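I opened the structure to look up a few things and note them here.

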Number of protein chains: 2
Amino acid sequence: MKSPYPSTPQRHDFAAHPTTLKRVPALLKNVSFNGGFWAPRLETNRRVTLSTEYRLCKQTGHIDAWKLNWKPGQPNPPHIFWDSDLAKWIEAAAYSLATHPDRMLEKRVDGVVDLMAKAQAPDGYLNTHFLAVEPAKRWTNLRDCHELYCAGHLIEGAVAYYQATGKKKMLDVLCRYADHIDSVFGREKGKKRGYCGHEEVELALVKLYRATGKRRYLKLAKFFIDERGRRFPHYFDLEAKARGKDPGKWNAERYRPHQAHLPVRAQTKLAGHAVRALYLCSGMADVAAETGDRTLLAACKRLWQNVTSQRMYITGGVGSAHAGERFTFDYDLPNESAYAETCANIALVFFAQRLLNIEADARYADVMERTLYNGVLSGVSLDGKRFFYVNPLAQHPDAFRSSNWVTERQKWFGCACCPPNIARLFASLGQYVYSQGPNEITVHLYAQGIARFKMGNRAVRLTQRTEYPWQETAEISVNPDAPMKFTLSLRIPGWCRRTAIRINGKPLSLRPLMRKGYARIRRRWKPGDRVELTFPMPVERIEAHPAVRMDCGRVALQRGPIVYCLEEIDNRANLDDICLPRSSRLTAKFNPRLLNGAVVITGQGLRRNPARWDGQLYRMEASKTKSVALKAIPYFLWNNRKPGEMLVWIREVNSAGGGRRRTASGYRG
Amino acid sequence: MKSPYPSTPQRHDFAAHPTTLKRVPALLKNVSFNGGFWAPRLETNRRVTLSTEYRLCKQTGHIDAWKLNWKPGQPNPPHIFWDSDLAKWIEAAAYSLATHPDRMLEKRVDGVVDLMAKAQAPDGYLNTHFLAVEPAKRWTNLRDCHELYCAGHLIEGAVAYYQATGKKKMLDVLCRYADHIDSVFGREKGKKRGYCGHEEVELALVKLYRATGKRRYLKLAKFFIDERGRRFPHYFDLEAKARGKDPGKWNAERYRPHQAHLPVRAQTKLAGHAVRALYLCSGMADVAAETGDRTLLAACKRLWQNVTSQRMYITGGVGSAHAGERFTFDYDLPNESAYAETCANIALVFFAQRLLNIEADARYADVMERTLYNGVLSGVSLDGKRFFYVNPLAQHPDAFRSSNWVTERQKWFGCACCPPNIARLFASLGQYVYSQGPNEITVHLYAQGIARFKMGNRAVRLTQRTEYPWQETAEISVNPDAPMKFTLSLRIPGWCRRTAIRINGKPLSLRPLMRKGYARIRRRWKPGDRVELTFPMPVERIEAHPAVRMDCGRVALQRGPIVYCLEEIDNRANLDDICLPRSSRLTAKFNPRLLNGAVVITGQGLRRNPARWDGQLYRMEASKTKSVALKAIPYFLWNNRKPGEMLVWIREVNSAGGGRRRTASGYRG
């Protein structure tokens with residue numbers, strides 16, 4: 001079996017792909033965005049975020065660390081995470097270069113690559129922390145020290161940079177490192193049967209396999225996945241003993257944070273550290289796709305089902321607990337203390353995209369879209385300069401301060417994983433919008449721009465014109481070189497009750513075309529064919545499952561894929577006291593002046609008057625409520641004006657107000 | 001000025017008391033309880049809790065620590081808290097001995113006292129940890145090491161034991177220790193101007209002053225209070241420097257946990273560690289009462305106002321945050337993560353009682369009662385053997401386990417402050433039920449039993465017959481030796497809308513008698529006079545202030561002073577999904593078989609059917625609700641059957657149910 005992924009930057013190869021991999025993402029360089037919702041955001045990502053992050057990597061020592069000249073006693077030793085931060089920035093830069101050549105940016109990357117090449121040990125080993133700070137401790141603590149994790153990000157960066165520029169230097173460096181890793185880890189005698197405490201290298205090795213065609217990288221990825229969580233005895237126990245630490249009596253719980261409490265195929269709940277868990281799932285899906293491993297794919301689907309139907313915020317955020325940045329238990333989705341790390345949300349997008357290319361089921365695309373437009377976009381400020389690590393669904397600033405949590409997006413973090421993760425996702429957005437299969441183009445997301453595809457020996461150009469998600473329509477022009485027969489699969493969003501499609505002005509009967517949420521339109525496409533889609537976007541009130549105890553009696557407002565929130569600046573303090581009558585009419589309107597233009601939802605709510613409480617904390621009298629104007633903005637835009645309360649889940653009441661039937665009394669509070 | 005508190009176990013002295021101290025608690029040995037709500041609980045406290053705690057003090061080494069034979073390298077060194085745990089047990093035992101002589105118990109206390117006397121250093125110093133473990137570090141870290149805190153509890157124990165038994169040995173030991181402390185601390189040259197990081201010694205020194213008549217103890221208490229939080233520079237900075245730690249630039253926040261961020265008279269919010277804050281307030285009230293210090297009393301009242309009108313749970317629990325066991329900010333009263341440490345709630349009772357004796361304002365008694373019957377009683381199991389350290393107002397067992405919190409009452413704790421604190425409060429309950437002023441007897445709480453008072457040269461016996469708080473009536477027989485004129489002040493509970501009083505069958509017009517929530521009945525009382533009180537106890541729905549964001553749209557059920565809760569065992573899981581229509585009739589009924597007999601509230605609620613969700617996590621369709629029977633039990637009785645969900649604040653809806661107006665759709669969850 002040979003992967004259909006492009007082994008050179010030039011082309012896809014569908015000649016012999018396994019049945020599990022039906023399609024591959026569009027080639028990045030062939031997708032461009034102009035106007036609409038995304039182009040300005042991607043430009044900010046390219047112009048502001050990428051260069052800001054480079055500057056911060058420089059300032060914080062992430063780049064100079066590669067000179068390996070840190071000496072004991074000096075401040076600021078290269079941290080075990082640093083290689084990954086910089087690698088993600090390289091990956092983001094590479095994606096950007098694929099669509100927007102930029103000599104200055106390329107020079108910056110080349111500069112770093114030169115340092116890396118020089119830093120590489122003769123045996124291929126490559127890690128600034130362990131080369132400069134703890135050379136004797138290589139591979140002695142896989143559980144905590146992130147060596148393979150850093151290796152994975154470097155590999156992703158190398159593959160992306162090679163595919164964007166054709167330059168092989170970084171890829172060669174990382175192949176040597178991967179070969180070294182392959183010589184250290186494996187089932188063969190003398191090798192370590194270990195794996196990383198923070199997954200990432202698995203999916204990276206599959207990328208490296210796809211880029212180089214070398215099956216040993218795929219085999220190594222599969223080895224890491226297959227070994228995970230097995231006991232003969234447990235590898236993390238073995239290496240702890242080798243370090244002179246007694247791990248004590250076996251207890252699977254201690255490796256749950258690392259998804260190593262059970263072999264991966266026996267895991268049914270997404271557990272532990274959320275980013276790790278979803279990077280693992282992404283790697284599992286990649287290996288399953290390339291090998292046709294059905295038990296692995298089944299495990300992926302079980303874990304997908306668990307996370308999306310029991311452990312995901314309505315924003316697509318995942319990993320609800322601050323302590324351990326982790327998943328807790330089914331339906332445990334606290335709003336104010338939500339962790340929902342930006343990286344975890346991005347990792348859910350990765351996982352969704354991988355399953356989507358195995359099976360074009362719109363359930364995956366629905367979650368991918370939900371997460372992208374809400375829990376990922378919230379991670380970066382409108383100006384592209386500040387980032388949320390944590391994406392709560394409610395905020396009371398005093399509560400956040402009281403817990404030592406930040407109330408605003410930050411410029412950078414001690415562990416700066418999220419900012420470059422956003423940058424690389426946005427810079428590669430084209431790969432999430434379109435996939436291509438044999439004789440099929442699949443549109444997962446609606447975003448204005450142009451995409452080009454090679455179908456056999458012919459070229460097809462798709463031009464999307466849409467203000468989605470603000471507006472309800474999208475128009476796609478299909479332009480093959482010459483008339484040709486193929487399938488255009490269009491995702492019908494799960495949130496949409498009545499999508500309509502017309503081709504060249506003629507309404508299409510959707511029902512017979514639908515397969516797993518996609519309208520599969522197979523026809524002889526002619527240059528200039530016009531597909532018009534209409535997605536009615538009324539304001540929807542969403543309920544959460546009754547077991548989500550925090551959301552009982554509450555609704556979230558959603559319009560199209562966008563989840564809304566109330567902010568203090570628009571609605572005054574004590575947002576939790578606001579309630580929304582069931583009968584209240586909600587109006588959506590585009591406001592071009594607000595937050596660079598956004599659809600805002602307004603309506604009437606009810607609230608009590610705190611001034612009438614005369615210093616009482618508790619009382620028996622039923623309070624009267626009065627009508628107040630409500631204004632909700634898209635969740636991802638919150639915290640772009642000033643810090644204050646924010647609330648996604650709004651209390652709903654079934655009638656239009658008035659106090660309780662009881663009379664006032666002489667109760668002393 | 002001389003304190004009206006009894007300087008011997010025999011008598012009160014009102015000859016010359018300051019204007020701020022209008023009354024003193026009843027003498028413990030003169031109050032007995034029989035039958036009714038309290039007697040069985042106090043018997044459990046005496047028979048089970050006291051002996052269980054002694055056994056645990058023995059097992060854990062708290063007692064043998066006094067032999068001072070711990071040697072470096074041995075396990076289980078005496079902990080800096082230990083003296084206080086044992087001291088509180090001694091105090092509890094003493095109160096018990098005051099009303100229920102018990103040779104065995106007295107022998108146990110005497111055994112410990114003998115060890116203490118032998119352990120005492122020649123200069124009077126007395127602390128097992130510092131004598132046995134860190135002898136060189138005495139008084140070097142007042143902020144963290146609890147030396148004065150332990151001293152305070154030992155003093156309280158000594159005073160109680162002396163007053164109960166007349167035995168002076170322990171009192172003499174502690175006077176020597178107090179004299180030593182007085183020689184170390186003060187404004188005089190060569191003395192330390194420090195104070196304890198954990199307040200307690202202040203109120204204890206006032207007790208010692210009252211028991212001995214020696215004003216230097218009162219003066220020392222006042223010194224500790226007056227010095228607190230002053231900067232010339234800050235004492236905790238000074239002692240940190242002396243220990244070789246650079247405290248860094250001044251930042252008041254670092255001493256907020258210790259209420260030392262500001263001088264006490266400048267503090268307007270109850271801040272930091274809750275037990276410390278309320279022990280400080282109690283000490284401040286004591287010093288204000290004994291000295292007539294108006295600025296100190298004003299500070300007490302400001303802090304009282306803050307805690308009770310902005311920072312107290314409806315259960316009377318205080319200190320909402322786990323991290324730091326502390327107060328956070330106004331109206332921050334999370335239910336599931338409530339800390340509300342049993343000791344803090346008890347400390348609020350102490351503070352209330354002290355203010356009540358300065359000024360018989362029923363606001364203080366209302367809070368004292370609320371806390372006693374809810375947030376304190378919840379701290380101990382029905383069988384008297386298990387204790388809550390933390391008293392949440394909602395529990396989801398999985399959430400508690402996920403946060404490493406316990407879901408059940410525990411036998412003991414590493415820091416075992418709460419169990420003996422409950423024991424000493426219950427054993428001294430009589431002091432909270434009655435006070436006596438010049439020519440006045442004040443009844444703060446209603447509890448079946450007999451209390452005797454000396455009024456001048458005459459004796460008065462009050463006999464209460466009542467099943468309060470289960471039943472709505474109380475009958476008090478007043479029996480002076482001979483007819484005499486005095487005031488009987490009866491508290492009219494703040495929760496009661498229409499109290500009725502009859503004397504010898506004749507209704508009383510209450511309005512002209514009311515002063516600050518007390519009906520002050522001044523008359524010539526004759527032997528056999530019968531006062532009948534009726535407190536109607538409908539089930540009340542209580543609302544919290546709109547700024548308590550966790551309670552918006554919710555009500556708590558209260559009947560009389562008792563706050564109710566739902567438990568999973570009675571109402572199935574997902575308690576948060578239950579809502580209570582405003583129109584739902586709630587019925588209260590005594591069930592003699594449930595939890596040793598309790599009034600249970602039943603009614604109809606509404607909830608959704610989770611089975612109808614087909615694995616969806618979010619959906620646009622409005623759910624239908626169906627009617628379900630609800631059963632609420634007194635909050636303090638929860639967790640006596642089996643662990644499970646619990647909920648105090650129940651969602652309220654204004655109409656009787658039905659789904660939203662929307663139709664089902666093809667939305668994919």
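In what order do the 7 strands of the open sheet in chain A run? I read the order as β2-β6-β7-β8-β14-β10-β11. The pairing is antiparallel. The model is predicted, so I keep that in mind for every entry.

**Entry 1: the sheet, strand by strand**

I looked up the edges next. They are β2 (31–33) and β11 (506–507) of chain A, and each pairs on one side only.

Then I went through some of the pairings. Strand β7 (residues 458–466) of chain A is joined to β8(A) by 7 bridges, antiparallel. Here I found Gln464(A) opposite Ile476(A) in β8(A).

Strand β8 (residues 473–480) of chain A also joins strand β14 (residues 529–534) of chain A. I count 6 bridges there, and the two strands run antiparallel. Val478(A) has Asp529(A) of β14(A) as its bridge partner.

On to strand β10 (residues 500–503) of chain A. It is held to β14(A) by 4 bridges, again antiparallel. Ile503(A) has Val531(A) as its bridge partner in β14(A).

A reminder to myself: strands of a sheet pair through backbone hydrogen bonds, either parallel or antiparallel.

**Entry 2: a helix in chain A**

Which residues of helix α10 (residues 235–242) of chain A are buried? I noted Tyr235(A), Phe236(A) and Glu239(A). Seen down the axis of α10(A), the buried residues fall within an arc of 95 degrees, so they line one face of the helix. I then checked what they pack against: α5 (142–145) and α9 (215–227) of chain A. Just after α10(A), I found Gly244(A) with a positive phi of about 85 degrees.

**Entry 3: one residue in chain B**

I picked Leu356(B), which lies in helix α13 (residues 342–358) of chain B. Is Leu356(B) buried or exposed? Leu356(B) has 25 C-beta neighbours inside 10 Å, so it counts as buried. Leaving out residues up to four places away in sequence, I listed its contacts: Tyr364(B), Ala365(B), Met368(B), Ser435(B) and His444(B). I also looked up a separation. Leu356(B) and Val113(B) are 243 residues apart along the chain, and 33 Å separates their C-alpha atoms.

**Entry 4: the two copies**

I superposed chain B on chain A. The rotation is 180 degrees, with 0.0 Å of shift along its axis and an RMSD of 0.0 Å. The two copies are therefore related as by a two-fold rotation axis. The same surface serves both copies, as 100% of the contact residues of chain B recur in chain A.

Terms used. Residues numbered from 1 in each chain as written. Chains lettered and ligands numbered in written order. Predicted model: local features only at pLDDT ≥ 70, side-chain atom pairs only at ≥ 80, totals over all residues. Pairing = 2+ DSSP bridges. Least-squares fit on C-alpha atoms with pLDDT ≥ 70 in both. Contact = placed C-beta atoms within 7 Å. Buried ≥ 20, exposed ≤ 12 C-beta atoms within 10 Å, placed from the backbone. Arc of directions from axis to C-beta.
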